[in-house]
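I'll jot down what I look up as I go.

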Amino acid sequence: MTFAIETTRLGQRYGRIWALRDCSLALPEGAVVALVGPNGAGKSTLLNIISGLLHPSEGAVRVFGSPMADEPSMLAQIAFMAQDTGLYPMFTARDLLAFGSRLNPAWDDRWASCRVHALGIPDRVAAARLSGGQRAQLALVLALAKRPRLLLLDEPLASLDPVARHEVMALLMERLADGGLTVLLSSHIITDLVDTCDWLVAINRGRVQISGSIDELIATHKLLTGPRAALDALPSRLPVISRTVTERQAIVLARLTDEPADPQWTTREASLEELVLGYLRQPDATALSGPITARP
């Protein structure tokens, strides 16, 4: 397996506060990676470091096997779309496309112009006067027209209505179908990640909780439902990620591949949203290195 992004003990400190600490990741080339975490977890800091906008306080980053450096040859392989889209407000779409073509050696002007036209984005209207959805679409067109190998997206859907979110994701999926692109997508909208992403990274309090194939993570996590009194009967070595307990019932998210031995418990597969929320609610929990069985 080749890796698009490798980070080793990455850390970023602002004064006495660590926004990111001991972050080690290896993300496969060609993957669409969902980056999730609560506000302030370190997601934007990580994206800024990988894009070259921020120099880490400690640790190292490698992109496609080479140390991250602020060099034209390296930056030409990376496109970054920030949450606020980063468009010059007084520039029109036509201005922005012309600007992009002069700055990027692999710029695909024909594709960009065709996409702006097909999306119905006015090319003579200042970016500040476009709708939020149009600005997001235009920013994504600009990022993709660069023909990057690595696309970094920081909450691109956060301020969009459902229709605009769908249109932006459709544009991204169209480009992904061409192949040769690795995407790292930060989002709070987990439902938008289900049919798009194949790798999950969860960050909490500046540290990595999960990094792995979504299919494998789903396959090795289960939701157990049973009477509250049965909690004491769970095997002591069962890695419990989180639990919700009412007066009579308990729901447990656990890492396991087998059925629990105790018939009091019913088991079902956890959804991606249940998996993510289970970890984020327990900042000290982390995915273990191998599948676990619940057999005592």
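**Entry 1: a pair of helices.** I started with α3, residues 93–103, and α4, residues 109–118. In this predicted model, the two helices pack at an angle of about 165°, and their axes lie 11 Å apart. Anything over 145 degrees counts as roughly antiparallel, so that is what I call α3 and α4. I also noted the handedness of their crossing, which is right-handed.

Which residues make the contact? On the α3 side I found A93, L97 and S101. On the α4 side I listed D109, A112, S113 and V116. Sorting the residues of this contact by class, I got 4 nonpolar, 2 polar and 1 charged.

**Entry 2: on to the next helix.** I stayed with α4 and looked up its packing against α5, which covers residues 132–145. The angle here is about 165°, with the axes 9 Å apart. That angle makes α4 roughly antiparallel to α5. The crossing of α4 and α5 is right-handed.

For the contact, I wrote down W111, A112, R115 and V116 from α4. They meet L138, V141, L144 and A145 of α5. How many of these residues are nonpolar, polar or charged? I have 7 nonpolar, no polar and 1 charged for the contact of α4 with α5. Looking back at my lists, A112 and V116 of α4 turn up in the contact with α3, and both are also in the one with α5.

**Entry 3: a sheet.** Next I traced an open sheet of 4 strands, and I read their order as β12-β13-β11-β14. The strands pair in the antiparallel sense.

Then I picked out one pairing. β11 runs over residues 221–227 and pairs with β14 through 4 bridges, in the antiparallel sense. Within this part of the sheet, I found L224 opposite T267 of β14.

**Entry 4: how confident is the prediction?** I checked the pLDDT last. The average for the protein is 88, and 95% of the residues score at least 70. I flagged residues 288–296, where the pLDDT is below 50. In the model, that stretch has 26 contacts beyond near neighbours in sequence.

Notes:
Residues numbered from 1 in each chain as written. Predicted model: local features only at pLDDT ≥ 70, side-chain atom pairs only at ≥ 80, totals over all residues. Heavy atoms only, no water. Pairing = 2+ DSSP bridges. Axes fitted to C-alpha atoms, helices over the stretch in contact; angles between N-to-C directions. Parallel < 35°, antiparallel > 145°, perpendicular 65-115°, else oblique. Left-handed = near helix turned anticlockwise from the far one by under 90°. Contact = heavy atoms within 4.5 Å. Nonpolar A, V, L, I, M, F, W, Y, C, P; charged D, E, K, R; others polar. pLDDT = per-residue confidence, 0-100.
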